Amino acid sequence: MVLIPPRLEAVQPSGKAAQFVAASLDPGAGTFFLALRRSEAPAAAEDEELCDGDLLAVAAETDAEPGDLVVWWAGTVQSQALARVGPDLVLEPLAGFPPPPPAATLRGVVVGRLRRLAPE
Amino acid sequence: MSAPRRRILHVDLDAFFVAVERVYDPSLRGRPVVVGGSAEGRGVVAAASYEARAFGVRSAMSMARAQRLCPDLVRVSGKLDLYQKASRAVFALFTELTPVVEKVSVDEAYLDMSGTKGLHGSAWAAAERLRRAVRERLQLDVTIGLSGNRLVSKVASAFAKPCGQFEVLAGQEARFFAPLPVGALPGVGPVTEEQLHKAGVRRLGQLAAASEPLRRRIFGSGADTVRARAAGGDDTPVRPPELRGDAKSLGREETFADDAGDLGFLRAKLQELLGEAARQLREHGLLARKVSVKLRRADFVDATRDATLPAATDHDGELLEPALALLEGLAPSMLPARLLGVRFSGLSRGFWQASLWAGERARERWLVDALDRIRDRHGGRAVRSGASAGLAGSRPRETRADPRGPDPFALPEPSPDSHPEPLPEQDS
């Protein structure tokens, strides 16, 4: 069986969230949304209660602290992935995402998550 | 040792009045619907469906304007009793999750889920089950904001509307708030927002970092509080009704479709409104020491009179007698009237003590409790007494039978041997 890794996809949220994002949008700053796409359920211990279709609200800043849920990337949108900042500031992979390569940089800090009854 | 992490849900029913109407009349689904009074009767929009909002229709807008904006608008008369019944059914689901429920309004509440993980799993998972339960059992949608405090949960639920749940992750409150417009902060209205904009403060992050003189100039003694709030800080507890003592007054009022010049009608209407308000007193475990009656004349002149009672009470009969006397005193100079209101103040925590009541008084009180139970099940105007009985034929029906079967909002029957409790049931 081939495991398909999860991915993060840039989306424009619907409903009220769209108004907030539009009102808060600065070039290169503010909050943006990424939809989680996953077909496999990872082990429960690292699941973080994240489901396919969940929207992650990400603050576009790189000043993360231990315990923060972050989005890292290797320069391309296809490489975006989730990780948790460990106590020693090492990025720990979670929710089925791969461990970050040495060249990975922080894209932003996840500040919230949105789930609707029907996934977006 | 650090304090345990709080988990607070802000739960908001989506387009509640319209959604309840759609449960009883599925033909309203997908159409632009408003609940409110008729344009001919000086009505305003009390609630609008999302389809109507797409046309610019908003709550508190005059019905005439709403109909101009959306020519296909479907108007439904409001049925407060029906909404209260549906609300009680929803709140019954809330209390399956936690006893710490603070009712904000008929369609909005805070739930403190702190310390319930062992029972319900994570607050996030519990919120999702709650949304599904409300939809499956009651055919209504709720939106939920989740965080470690009331303020952030309130803003988060606005993010999730309609029909979603949004969690602000622990420790990310300030980051979440920072890029939001200052107007997103509850309590910052258009005037304050304008003042902040003139001072160059447009976002909550800027407000949190603003100088003290600037904050003091705009917010006065609330300067420090607003700095904390702008960074997503709030330690206000969730207070169930029995712990909340901040209500200054409560009451009911009604604007008539046609100006009323008949004192008999006004007496009957006063009895009806007072009965509803007194029931609200009992629901919140409150006693009133003062009763006020207000009339608004057809030419928009208002007059209010009040009376102090010999003892605080929540009993319809003890409140009605002075209220009727106040109405008699006001009426000669205030007819025809377009609005009648009754209000209770001097509120205190209290409950009925059987030992202080005897004979006829005790029997009356048990009757009041029994009537409350009937109204809980069948709507606030299902049972009328005295003069207000004559109003039944003059008003639209308050409840309708569900053509598809059992009433989805009916609460379970009390057991046959249940004893009338002296304390009112909470509707949460």
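Leaving aside neighbours within four places in sequence, B:Leu9 is in contact with B:Tyr110, B:Leu111, B:Met113, B:Ala123, B:Ala127, B:Ile144, B:Leu146 and B:Ser153, where contact requires that the C-beta atoms of two residues, placed from the backbone, lie within 7 Å. This is a predicted model, in which local features need pLDDT of at least 70 and side-chain atom pairs count only at pLDDT 80 or more, while totals for chains, interfaces and linings use all residues. Residues are numbered from 1 along each chain as its sequence is written, and chains are lettered from A and ligands numbered from 1 in the order in which they are written.

**Nonpolar cores**

- B:Leu9 belongs to the largest nonpolar core, which has 100 residues, and together with A:Val58, A:Val110, B:Val34 and B:Leu111 touches the most other members; such a core is a set of buried Ala, Val, Leu, Ile, Met, Phe, Trp, Tyr and Cys residues joined through C-beta atoms within 7 Å.
- Because domain 1 (16-80) and domain 2 (179-230) of chain B both give residues to this core, it lies between them; the domain bounds come from an automatic or database domain assignment.
- Another core, of 25 residues, lies apart from it and includes B:Leu273, B:Ala288, B:Leu319 and B:Phe344.

**Chain A against chain B**

- Across the interface, 23 residues of chain A are in contact with 27 residues of chain B.
- On the side of chain A that touches chain B, the elements giving two or more residues are α1 (15-24) and β7 (105-116) of chain A, and the largest share, 8 residues, comes from β7(A).
- The residues of that side of chain A divide into 11 nonpolar, 6 polar and 6 charged.
- β7(A) is also joined by 5 bridges to strand β8 (residues 164-168) of chain B, the two running antiparallel, and within this pairing A:Arg115 has B:Gln165 as its bridge partner; strands (E, at least two residues) and helices (H or I, at least four) are DSSP runs numbered from the N terminus, and two strands pair if DSSP finds at least two bridges between them.

**Strand β4 of chain A**

- In β4(A) (residues 69-73), 4 of the 5 residues are buried, a residue being buried if 20 or more other C-beta atoms, placed from the backbone, lie within 10 Å of its own.
- β4(A) runs antiparallel to β5(A) (residues 81-85), with 4 bridges joining them, and pairs in the antiparallel sense with β7(A), again over 4 bridges.
- A:Val70 stands opposite A:Ala83 in β5(A) and opposite A:Val109 in β7(A).

Note on methods:
Nonpolar A, V, L, I, M, F, W, Y, C, P; charged D, E, K, R; others polar. Buried ≥ 20, exposed ≤ 12 C-beta atoms within 10 Å, placed from the backbone.
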